[in-house]
Amino acid sequence: MKRMPVLFAFAVLAGCNSTGVEPETSASVASIHEQALVLDAHADIEIPGNYSAYVGDDGLSQIAPQKMRQGGVDAAVMTIGVSLVPRTPEGYEAARERATKELNAVLALTAENDDFVLATSPEELIAAKKASQHALILGFQNAAILAKDATEIDAFYAQGVRVFALTHLGHNAFADSSRPDFIKATGKHEPEAEHGGLSELGREAVRRVNALGGVLDVSQLSKQATLELVALSQAPVIASHSNVRALTDVTRNLSDEEIDAIALGGGVVHVSPFRGYLYDSNDPALDANIRAARRDAGITEDYYYPFELYWEIEDKDVKNKFLGAVSALMGAGSIDALIDHIDYIAKRVGIDHVGFGSDYNHGGGIAELQDASEARNLTRRLLERGYSEDDIRLFWGGNFLRVWQQADK
């Protein structure tokens, strides 16, 4: 794989992937972590005062300012997003209202914390790191927010959004999702594909993001939509929070073909510390037990990951029993499992094409990496697993920055 230049003072070019090599002894975890641009490519936005089941035990966002400071996290892509909305004027209006509240919540956060800034360009991200400030980058997920008007991307870009993903749960007018919606009225899921990838609206959206200099994000897209978007985009793309399907066979994870295509275009796959994306689906006993838990809850389909179908269960007690059973089967998750996915991508396409996207506040969180305050644990474990200081700098933020610089051109 041809190495692409990293135009960033803190991210020195690495040689080949050093997985398997003894960790460097000349640099401590603390110094490596401090010098790296530690960037999280995907976190969801918590609106203050709104109930959330995803916040930490302290009631605070998993990527709250104090947790970013404690964990030495320099930057995060804070993602404006919605899940399912009816494809009606009312549904689209509700999605836009939610998006506006989330955007305002990020702006308020920067206004209330002197050491937090909104970064709208690679240069501003670099400047924030040099000034020991924390940079927030606005992301966008689910083009249902746009209703059926791709030109609305311009309005979000004008408000500071720089990373754009077209789908979340369920297909929309722009693209197919990796997770078709369940339609209660019919008792069935949407077809696996509605558009066969991107619709014409989706292709227009890709062209608009390219023209503006934004970064395209393929996480949550179907395989066909991902491959089409990568081929169409004139700039490298990212997957902001996606893992390896060969290791964990769930529809939200990326196939080898998708990983190869993203890397060939110069892009980056950001792995996520979420148990549902990391459990060992190649373990026959675990797989059988998870399927049995599904059957007990009345779930008949086998092609979704364990936590994916629970909203179909209307009986609260059955739902809680199902979630508890699957959670117990998967266990607490581990950094080692996360690094297995990092290893897979690095060995397949190179360390230049892997990064970190937590999915905090909508998932994320494994033992020793529950929130942003524990980010140094990942740096330590990467060193222990044989990654060099240069590798770690590329992983944490150098690779994302390279993509943003190229898209911004």
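Before placing any residue, I note that helices (H or I, at least four residues) and strands (E, at least two) are DSSP runs numbered from the N terminus. The model I am reading is predicted.

**Entry 1, asparagines with positive phi.** I looked up Asn142 and found this residue in the loop between strand E4 (134-141) and helix H5 (152-158). Its phi is near 95°, a positive value in a residue other than glycine. Is Asn142 buried or exposed? Asn142 has a relative accessibility of 3% and therefore counts as buried, since the cut-off for that word is under 20%. I then turned to Asn361, which sits in the loop between E11 and H13 and, although not a glycine, has a positive phi of about 75°. Asn361 is buried too, with a relative accessible area of 3%.

I stayed in the loop between strand E11 (354-356) and helix H13 (375-384), where Asp371 is placed. With a relative accessible area of 14%, Asp371 is buried, because buried is set at under 20%. Which residues does Asp371 touch, leaving aside those up to four places away in sequence? I listed Gln62, Lys67 and Tyr360.

I wrote down its buried residues as Ile335, Ala337, Leu338, Ile339, His341, Ile342, Asp343, Ile345, Ala346 and Val349. What covers these buried residues? The cover includes H8, strand E10 (268-271), helix H9 (275-278), E11, H13 and helix H14 (389-408). After H12 comes Gly350, which has a positive phi, near 110°.

From H8 the contact is made by Asp256, Ile259, Asp260 and Ala263, and from H12 by Tyr344, Ile345, Arg348 and Val349. Sorted by class, I have 5 nonpolar, no polar and 3 charged residues in this contact. As a reminder to myself, an α-helix has 3.6 residues a turn, so residues three or four places apart point the same way.

I next took helix H10 (residues 284-296) and helix H11 (residues 316-330), whose axes come within 9 Å and cross at roughly 175°. Which word describes the direction of H10 relative to H11? I put the pair down as roughly antiparallel, because that term applies to angles over 145 degrees. On the H10 side I listed Leu286, Asn289, Ile290, Ala293 and Arg294, which meet Phe322, Ala325, Val326, Leu329 and Met330 in H11. By class, this contact has 8 nonpolar, 1 polar and 1 charged residues.

Technical notes. Residues are numbered from 1 along each chain as its sequence is written. This is a predicted model: local features need pLDDT of at least 70, side-chain atom pairs count only at pLDDT 80 or more; totals for chains, interfaces and linings use all residues. Side-chain values use heavy atoms; hydrogens and water are left out. Buried means under 20% relative accessible area, exposed over 50%, partly exposed in between (1.4 Å probe, protein chains only). Contact means heavy atoms within 4.5 Å. Ala, Val, Leu, Ile, Met, Phe, Trp, Tyr, Cys and Pro count as nonpolar, Asp, Glu, Lys and Arg as charged, and the others, Gly among them, as polar. Axes are lines fitted to C-alpha atoms, for helices over the stretch in contact, and angles run from 0 to 180 degrees between N-to-C directions. Angles under 35 degrees count as roughly parallel, over 145 as roughly antiparallel, 65 to 115 as roughly perpendicular and the rest as oblique.
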